Amino acid sequence: MLNKLTYKEINEQWLYTEKFLCIYEYEHLVGNYITPRLERNLYNSKVHYPGIKLIEENREALLLYPRGFGKTTFFVESHIIWSIFRNQNIRIAVVSHSYR
């Protein structure tokens, strides 16, 4: 007979799965947690996917996107959040001429 899970157990399993996915899949974090909280939907999987894959593979790259395409949001701010998920002892410094 199948064990019936309580609401709390189901919720704990869901949270564990979501946390796991956010830690190991950068695109999951961006698509499900970063993008929905933006004022406007900047995420376009065809445009941003190659850059996201480079970040997941921990490769260095020069990403050239036009103004307003979410470079700072998807490739700096969300990467910082993702890095903190993966290593809570990380030290991060963002240096930019126009960063606010």
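Student: Why is Ser-83 called buried?

Tutor: Ser-83 has a relative accessible area of 12%. Buried means under 20%, exposed over 50% and partly exposed in between, with a 1.4 Å probe and protein chains only, so Ser-83 counts as buried. A word on the source: this is a predicted model, where local features need pLDDT of at least 70 and side-chain atom pairs count only at pLDDT 80 or more, while totals for chains, interfaces and linings use all residues. Residues are numbered from 1 along each chain, and side-chain values use heavy atoms, leaving out hydrogens and water.

Student: What does Ser-83 touch, not counting residues up to four places away in sequence?

Tutor: Ser-83 touches Ile-90 and Ile-92, where contact means heavy atoms within 4.5 Å.

Student: How do you know that the span of helix 4 is close to the expected one?

Tutor: Helix 4 (residues 71-86) has 16 residues and reaches 21 Å from first C-alpha to last, against 22 Å expected. The expected span is 1.5 Å times one less than the number of residues.

Student: What makes up the largest nonpolar core?

Tutor: It holds 11 residues, including Cys-22, Phe-74, Phe-75 and Trp-82. Such a core joins buried Ala, Val, Leu, Ile, Met, Phe, Trp, Tyr and Cys residues through side-chain atoms within 4.5 Å. Helix 2 gives the largest share, 4 residues.

Conventions: Helices (H or I, at least four residues) and strands (E, at least two) are DSSP runs, numbered from the N terminus.
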